[in-house]
Amino acid sequence: MGNRCAVIGVGQTRYQTRRRDVSLAGLVREAALRALEDAGLTFADIDAVVIGKAPDLFEGVMMPEAYLADALGAAGKPVMRVHTAGSVGGSTALVGASLVQAGVHGRVLVVAFEKQSESNATWALTTHLPFNASLVVGAGGYFAPHIREYMRRSGAPDHVGTLVAVKDRLNALKNPYAHLRIPGINREMVESTPMLWEPIRYLETCPSSDGACAMVLAAEDKVTGTPAWIHGTAMRSEPITVAGRDVVSPRAGRDCAADVYRQAGVTDPRREIDVAEVYVPFSWYEPMWLENLGFAAEGEGWKLTEAGCTALDGDTPWNASGGVLSSNPIGASGLIRFAEAALQVRGMAGEHQVEGARLALGHAYGGGAQFFAMWIVGSSKP
Amino acid sequence: MSEDLVATHVLEFPGGYTRTTGPVIGRFLTELRDRRLVGVRTAGGRVLVPPLEYDPDTGEPVTEEYVEVGPAGTVQAWAWVGSPRPGHPLDRPFAWALISLDGADTALVHAVDAGSPKALRPGMRVRPRWRAATTGHITDIECFLPEVASLVAPVRAEYRVTPGRALTRFLEGVRDGRFVGGRCAGCAAVYVPYRESCPACGSVVEEEVEVADTGTVTTFAINNLPDPRAPEVPFVSAYVLLDGADTPMITLIGGVPAHEVRQGMRVHAVWVPPEERTLSMTNVKWFEPTGEPDADLDDSTGGAR
């Protein structure tokens, strides 16, 4: 795994439908300055900057890393951009960490963002390329059939998706940065919203958010403040179309989890991981990923959700921050998972802190559930 | 009442009344004619805009100190006028707004040309649009306009797209009413549409295989959002595993109500008449049920057994 690396600063913007008051540059700078402030550092202390965001078609800004370098104090420093679709926030953290773990840099600033209000993600993901035989409408249209197949295979009752939609929004009420904060959120409210891509209801989907997240990663001899130590990092990918592909529980996700657990010495994730921030953009992906990540046996994930195990006061809290279902600046959503995992083991998650959290999982996925990025962070050195 | 006993009557002083402004209002209007906005300071220190001659709090005369304010200001509250009347300052929908000009302690009522009520919000920043010719009247300001906070940046990329060799083979098949796949020499999987390399093992796919135009719905979504490729809402987009293929294709299901579509349902392609066919997937109108019993599904991949 290379040299030790720790998260020493986390910065987030408030996530909301539209940030009319800032440019793209102002948005990323806001998150970066908060991360630096958390670490007690300035741009001058940073050796390299890694930027992540989802497809350029979302804002129509090509090579945003070139445009954003000034705002991130990157003049005269290495700056690069990462893109792995929805998992990009996670991959961005891992690329940044690898620069420290490899001994190339002492302190790396990682930043990810999306300003979804500048266009429309469903438009950007549904480009109607000529000759294409596909009939997919946005991310929801793509994932709905896979959710249906999970429901069939597992025999999960219909209301499990609703439970996740409520649970994550209840958590969001405890997170000052969360986008969707719906007072009095309950099952009736979720079930009264229309089916968009059946079996996905409106309130079972993530919002479209503007926002940015940043972290300062440091080598062991550069650690300041309260560190979250990286215990394992892993990325995996697989083709979107391949014979025999299991779209409900993709092999790349299982392999990625196995790799990160091995590095961190985790053999029983449900018991050993105190809190998990997992990329759940559609509510049913919680039980699906509970199985894919080995927190539950195949076909059993929904039972953990139904029993309340993944609630903030459950035995294995998932998405204490409110998760992607509550805030979704797409390019940043993965980095937020990784950052929230770090906040938990640093004991700095505020009202949604899981008491005594010592080991946390950050997870992101993207594309047609074909790119995966994960890390495990802990309060003590690996 | 008889129509004969209704008459229109106009009361309008010929030429219009005069209004003597007095020194305070006069100063305001004079500055306005010069495209400046001023307020007057009260003895208590407040800046009134538009100015008043007597402090409404104390009844005392205001001071002789005039303070330049604005020209930008902040919208405090508004009423939307959806159907402007003849005497209104704008001939299109607008807002009457209370505008607190920078440096003023009171708000000015004026029109805001915001386009849509959705564009307005408390705290919105606005600036005056002046008339070409000013005369010393409040209408020297035609209206207020939102400050520039965003712009439209058209981005257009135009490509010549060709389908490539493999997809061309597939589309030629579709033109002839058949589905062409390819069998991987390494792992024997049959890919539909035809492709030239296997995503699993990387081998070259050389062997062309024709697969059936019948298959099984492995899973599907009922879409309630309209799409130009679907005739109506709701429509079903389904993964159909064609008989003889190892990868499902996403297609429209028709000829059956959306909520009667099932996983495992047997379906067949509905082709448009031969004379209407082109090198395009539009040759397949949709897939519809064959009426056969449902197929078993494979739990490991969601494909048909």
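**Group meeting: a predicted two-chain model**

In this predicted model, strand β2 of chain A, residues 48–52, runs parallel to β3(A), and four bridges join the two. Within that pairing, Ile51(A) has Arg81(A) of β3(A) as its bridge partner. β2(A) also pairs with β4(A), again in the parallel sense, over five bridges.

How many of the five residues of β2(A) are buried? The count is five of five, and the strand is mostly covered. On one side lie Ala48(A), Val50(A) and Gly52(A), and on the other Val49(A) and Ile51(A); both faces are covered.

β2(A) belongs to an open sheet of nine strands with mixed pairing, in the order β3-β2-β4-β7-β1-β8-β11-β10-β9 of chain A. Which strands stand at its edges? They are β3, residues 79–82, and β9, residues 275–277, of chain A; each has a single partner strand, so one side of each is left without a neighbour in the sheet. On average, neighbouring strands here are turned by 25 degrees against each other, with direction ignored.

Helix α1 of chain A, residues 24–39, lies across β1 (5–12), β4 (107–115) and β7 (210–219) of chain A, and runs at about 130 degrees to β1(A). Helix α8 of chain A, residues 251–264, lies across β8 (228–237), β10 (359–366) and β11 (371–378) of chain A, at about 155 degrees to β8(A).

Helix α8 of chain A is also where Cys256(A) is found. Is Cys256(A) buried or exposed? Cys256(A) counts as buried because it has 27 C-beta neighbours inside 10 Å, where 20 or more are required. Apart from its neighbours within four places in sequence, Cys256(A) is in contact with Ala234(A), Met235(A), Arg236(A), Phe372(A) and Met374(A). For a sense of distance, Cys256(A) and Ala121(A) are 27 Å apart in space, C-alpha to C-alpha, and 135 residues apart in sequence.

Helix α10 of chain A, residues 285–292, is mostly covered, with eight of its eight residues buried. Among them are Tyr285(A), Trp289(A) and Glu291(A). The cover over these buried residues includes α5 (138–154), α6 (160–172), α8 and α11 (301–306) of chain A. After α10(A) comes Gly294(A), with a positive phi near 75 degrees.

In soluble globular proteins, nonpolar side chains tend to be buried together. The largest nonpolar core here has 164 residues, of which Leu109(A), Val111(A), Met215(A), Ala342(A) and Val377(A) touch the most other members. The element that gives the most to this core is helix α13 of chain A, residues 330–345, with 10 residues. Chain B takes part as well: domain 2 (163–211) and domain 3 (214–305) of chain B each supply at least three residues to this core. Beyond its neighbours within four places in sequence, Met215(A) is in contact with Val7(A), Gly9(A), Val10(A), Ala35(A), Ala93(A), Val110(A), Ala339(A) and Ala342(A). There is also a second, separate core of 27 residues, which includes Val47(B), Val49(B), Ala97(B) and Ala114(B).

Chain B is divided into domain 1 (19–146), domain 2 (163–211) and domain 3 (214–305). The centres of domain 1 and domain 2 of chain B, taken over C-alpha atoms, are separated by 71 Å. Chain B contains an open sheet of three strands in the order β10-β9-β11, with antiparallel pairing. β10 (190–191) and β11 (205–211) of chain B stand at the edges, each with a single partner strand, so one side of each lacks a neighbour in the sheet. Two bridges join β9(B), residues 179–184, to β10(B), where Arg183(B) has Val190(B) as its bridge partner.

How do the two chains meet? The contact takes 36 residues from chain B and 32 residues from chain A. On the side of chain B that touches chain A, the elements giving two or more residues are α2 (164–175), β12 (214–223), β13 (235–242) and β14 (249–253) of chain B. β12(B) provides the largest share of that side, five residues.

Finally, the confidence scores. The model scores ipTM 0.92 and pTM 0.87. Chain B averages a pLDDT of 91, and 97% of the residues score at least 70.

Methods. Residues numbered from 1 in each chain as written. Chains lettered and ligands numbered in written order. Predicted model: local features only at pLDDT ≥ 70, side-chain atom pairs only at ≥ 80, totals over all residues. Core = buried A, V, L, I, M, F, W, Y, C linked by C-beta atoms within 7 Å. Buried ≥ 20, exposed ≤ 12 C-beta atoms within 10 Å, placed from the backbone. Domains from an automatic or database assignment. Contact = placed C-beta atoms within 7 Å. Pairing = 2+ DSSP bridges. Axes fitted to C-alpha atoms, helices over the stretch in contact; angles between N-to-C directions. pLDDT = per-residue confidence, 0-100.
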